[in-house]
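Please read these notes with the sequence and the model open. The points run from the overall fold to single residue pairs.

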Amino acid sequence: MHLPTWSEQKRIAGALGALDEQIARHVEVARAATQVHKELAEQLVGLVALQGPTARASADTFPEGTSR
């Protein structure tokens, strides 16, 4: 079996370590986005519940550039 040289193995290990760090950061971003999504959805459900099923949205309910 052929193994890369010691210096090549260290280079590969460094690259894998950097990728592990990137993965960990992306996992944290995904967790934060999931939490924000959950909280916003809960707020929206609460807002709809307060307004009632027949409430109509006014033009200023939605941020500029979005649609209903």
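In which helix does L19 lie? The answer is α1.

1. Basis. This is a predicted model, in which local features need pLDDT of at least 70, side-chain atom pairs count only at pLDDT 80 or more, and totals for chains, interfaces and linings use all residues. Residues are numbered from 1 along each chain as its sequence is written, and side-chain values use heavy atoms, with hydrogens and water left out.

2. Fold. The protein has 1 helix and 0 strands (DSSP runs: H or I of at least four residues for helices, E of at least two for strands, numbered from the N terminus). G52 follows α1 and has a positive phi, near 90 degrees.

3. Burial. Of the 68 residues, 0% count as buried (buried is under 20% relative accessible area, exposed over 50%, partly exposed in between; 1.4 Å probe, protein chains only). L19 counts as partly exposed because its relative accessibility is 44%.

4. Salt bridges. There are 2 (a side-chain nitrogen of Lys or Arg within 4 Å of a carboxyl oxygen of Asp or Glu). R11 pairs with E8, the closest N and O atoms being 2.7 Å apart; both lie in α1, 3 residues apart. E28 and R31 also meet at 2.7 Å, N to O, and are 3 residues apart in α1. E28 is partly exposed at 45%, whereas R31 is exposed at 51%.
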